Amino acid sequence: MRKDKDYHLTDPTWCKGCGIYGIFAALKKVAATLDLDPEQLVIVTGIGCHGRLNNYFLSYGFHALHGRTLPVASGVKLSNPSLSVLAISGDGDAYSIGLGHFIHSLRWNINITYLVVDNRIYALTQGQTSPTSETGFVSVSTPYGSKELNLNGPQLALASGGSFIARGFSGDPAQLSRLIKKGMRHKGFALIEVLSPCVTHNKVNTYNWFKKNIYNLDDDSNYDAKDKMKAWKKLSAEKKIPLGLIYVEKRPSYEDLVFRKEAEPIVSGDLGVDAPRLEKIMEKFK
Amino acid sequence: MHKKGKMITDISVMIAGMAGDGVLFTGNVLAKILKRQGWEISTYRDFPSNIRGEPTNYTIRASLERIHGRGDDIDVFIAFDCDAIFKHSRSLAEGGILLCDGEDFVAPPPSKSKARTYHRFPLRKLAISNFGKEIFKNMIALGALCYILDLDFRVVERIISEAFLKRKGREVVRKNIQAIHLGCEQAKETVAPEELHALVKRRDSDMLFLSGDEAIAFGALAAGCRFFAAYPICPATEIWQWLAVYLPQFNGLVVQTEDELAAMNMILGASYAGARAMTSTSGPGGSLMMEAFGLAGMAEIPIVVVDVQRAGPSTGMPTKTEQADLNQWIYGSHGDFPRIVLSPGTVEECFEFIIKAFNLAEKYQCPVILLTEQDYGQGFRSAKRFDLSKVEIERGKLLSQEELINIKDFKRYEFMPDGISPRALPGMKNGLHMVESNEHDERGYRDEDPEIRVRMMKKRMEKLKSASKDLIAPKIWGKRDAEIGIIGFGSTFGPIQEAITQLEKNGIRAKYLQMRTLWPFPLKKVEEFLATCKKTFVVENNFSGQLSMLLKSQVRTPFDARNILNYSSQAFRPREISTHIQKAL
């Protein structure tokens, strides 16, 4: 049985108190609980503070371009479905520059687990307003307050056909671990948005602020995550932010639909030139 | 001028009308008939970026010689409306014949003018009165062509049957053949015997008949491409559409992404995982791929990108031809990284080069671009049967699990004298590493140490030097001792060859350097060629002379070169090149 420390490559250097430490800890815990072989796990990260995770976590890693984690992760998973593929983005990566990929990945339902680390600010570039910053947010890029509505990722995911939508909080690594574990076991695309305070640049959305503004659906025995309308209602409520498993449905994954059941991964296929078969195809050009 | 009884060795037939008229279908049936009668074929599609209601034309050229492009003149011209006549009748050859539906003629042209014949030919009226449907005008036109070109009706009927029997049934075949016979009978009444362009018949050869796009798709399949991601774009989509049918039959996957950014990043993921992966696009899609193009260079991931160039800039002219993406792929994307750019000149080379592209990509772990054009991308050509025994799959330094397990301290980006490091795939034991879009160390982990940076940059760029001996060398055509040199790449291959023949008839000897690898620049061969030329002409389908600029930036010795440029969105005609050279001498 593997242990958390088996995935610990080096000590991270995120700012002291950064929410991503909680995510790092949760990920190690999930990997150990699921007994994932680091050599069978690919973590694709985007650009932002979260993108450093590959430097600290032992697995195959791919630090992609800003906003492009999902297409890379999809290419990996489709070529070799036997790998566990985890993609991580920040709020800028997922909801701004890479938003197109976000919506289409939900639609495709490839078997990938996707963490969106939402700190409601562009941290690595020193504190600009992000798509999840609340209207009126004052930052170096919006000194007179932002005028745009903030984006609600899980709600957008629900509208885009997401088959697994959850939200966690880096201040609660135990619940976060449960959600990630569920997501990784889910057959299809699993979105887990993680509220994750930036202690250096975001002085509004602090640990205390989040604690005051969240509530937990997992504690509500009347809540049914299979009920799409209920999920929509919870996500539409203006004030408090729901955490936990928000929505889940059973739907064939993209791989289920495009590959034969017994098919071996593309990467294991024999590339040898099947001349007789190709000659036959060539005849069609006559 | 084709006089009666004179041997015709080369003929061009233009069919023109409005988009939606069925011009392409009619033309392709004619092309197939001619191909089955043993002629070499080259077709040229000049169509609008619109489904219906704008002028379109299709030229089918047949020759007893090998041809790789449209010729100079139109010998036989069938027009479904007048608009087409006013646009193209200037291209009608001396002795040429034009049949026009002509119902909407306001001022008809004279029936004979400057040794050219014009006939009214009521295609629509005949179609409606005999078959009740306008669409039969196409087969009536084809019937008229069969008469003018003296085609073998058995071949014609066989091809019509191939085209319709499975899809539409016996009755449709019968009606279409009836329409062809009607067209033939009507032409007999209209066209005088001396206006005929009777073609000799030869036996059907083993030649193929396909577009450059199809040759690339087939070549990719043969080369072991098993992952293809793309976004729809003219004139490259035919590659995808072909692969979409065949890749799944070979346990491969074709996916349609939300945009070209996703397509490029997805093939990076697929190739990193170990699949031979490719995308196809045209100029605008290429622009969107630029950032990930650099990632392929930085992370040393083998990928193949086909750019079937169209007329730019911006949305430009999506269905027209141009060669103006050269700079985009040689200089495009920020920062310095290795890339290889190949340029096939014929449909046969499309097949050969795409196979080479996959091997180069894996051997040198870098992006390889196959630069083609709408001209022969969407145009159909007869081509020599592809030799599958020559297809080799070389995966370079990709490690097997057995090799990897025996390596102590595996480093994915290990410094090597040739710049090429051993490669492991995710899922392999003992191969853990990082793929970084940031600058990185030998294990792939982010590193901003200036010394490492310099070594890594050198390592990556060194791969191009290692590749230089393995690339497709430029090819010299024509008489070696000629003092007039012509340099070109891509689709100018055919027109330049024909221009050389035309020049020779006027006592001018010229030779031609076909650039087949554009980057890394084949400096030695180009310098050797230039040294033997007194005057050189660089022929390109673009405004600024992108190849010419490349030559000037690379060649160290002074040379006398002039540009022959065509940025009209149309392919060169051989005469454009030969007259330009004659005037310049």
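This is a predicted model: local features need pLDDT of at least 70, side-chain atom pairs count only at pLDDT 80 or more; totals for chains, interfaces and linings use all residues.
**The contact between chains A and B**

In this model, 50 residues of chain B are in contact with 42 residues of chain A. The elements of chain B that give two or more residues to the side touching chain A are strand S8 (208–211), helix H7 (212–222), helix H9 (260–273), helix H10 (283–299) and strand S16 (434–436). Of these, H9(B) gives the most, with 10 residues. By class, the side of chain B that touches chain A has 30 nonpolar, 10 polar and 10 charged residues.

**Domains of chain B**

The domain assignment of chain B gives domain 1 (10–195), domain 2 (209–390), domain 3 (401–469) and domain 4 (475–584). The C-alpha centres of domain 1 of chain B and domain 2 of chain B lie 34 Å apart, and 14 residues of domain 1 of chain B are in contact with 11 residues of domain 2 of chain B. On the domain 1 side of this contact, the elements that give two or more residues are helix H1 (23–36) and strand S2 (40–46) of chain B, and S2(B) gives the most, with six residues. By class, that side of domain 1 of chain B has five nonpolar, five polar and four charged residues.

**Helices H16 and H19 of chain B**

H16(B) has 13 residues and reaches 19 Å from its first C-alpha to its last, close to the 18 Å expected at 1.5 Å a residue. Its buried residues include B:Phe493, B:Ile496, B:Ile500 and B:Leu503, and the buried residues of H16(B) pack against S2, strand S17 (475–478), S18, S19, S21 and H19 of chain B. Just after H16(B), B:Gly507 takes a positive phi of about 80°.

In helix H19 (residues 574–584) of chain B, B:Pro574, B:Ile577, B:Ser578 and B:Ile581 are buried. These residues lie on the same side of H19(B) because they cover an arc of only 90° around the axis. An α-helix has 3.6 residues a turn, so residues three or four places apart point the same way. On the other side of H19(B), B:Lys583 and B:Ala584 are exposed. What covers the buried residues of H19(B) includes strand S18 (484–489), helix H16 (493–505), strand S19 (510–515), strand S21 (535–540) and strand S22 (561–565) of chain B.

**Backbone geometry in loops of chain B**

Most residues other than glycine have a negative phi, and most peptide bonds are trans.

| Site | Backbone value |
|---|---|
| B:Cys234 to B:Pro235 | cis, omega near 0° |
| B:Gly312 and B:Pro313 | cis, omega about -5° |
| B:Asp150 | phi near 55° |
| B:Gln365 | phi about 45° |

B:Pro235 is in the loop between strand S9 (227–230) and helix H8 (237–246) of chain B, while B:Pro313 is in the loop between strand S12 (303–309) and helix H11 (326–331) of chain B. B:Asp150 is found in the loop between helix H4 (137–149) and helix H5 (153–168) of chain B, and B:Asp150 counts as partly exposed because it has 14 C-beta neighbours inside 10 Å. B:Gln365 lies in the loop between helix H12 (347–364) and strand S14 (367–373) of chain B, and B:Gln365 counts as buried because it has 26 C-beta neighbours inside 10 Å.

How values were computed:
Residues are numbered from 1 along each chain as its sequence is written. Chains are lettered from A and ligands numbered from 1 in the order in which they are written. Two residues are in contact if their C-beta atoms, placed from the backbone, lie within 7 Å. Helices (H or I, at least four residues) and strands (E, at least two) are DSSP runs, numbered from the N terminus. Ala, Val, Leu, Ile, Met, Phe, Trp, Tyr, Cys and Pro count as nonpolar, Asp, Glu, Lys and Arg as charged, and the others, Gly among them, as polar. A residue is buried if 20 or more other C-beta atoms lie within 10 Å of its own, exposed if 12 or fewer, and partly exposed in between; C-beta atoms are placed from the backbone. The arc is that of the directions from the helix axis to the C-beta atoms. Domain bounds come from an automatic or database domain assignment. The expected span of a helix is 1.5 Å times one less than its number of residues.
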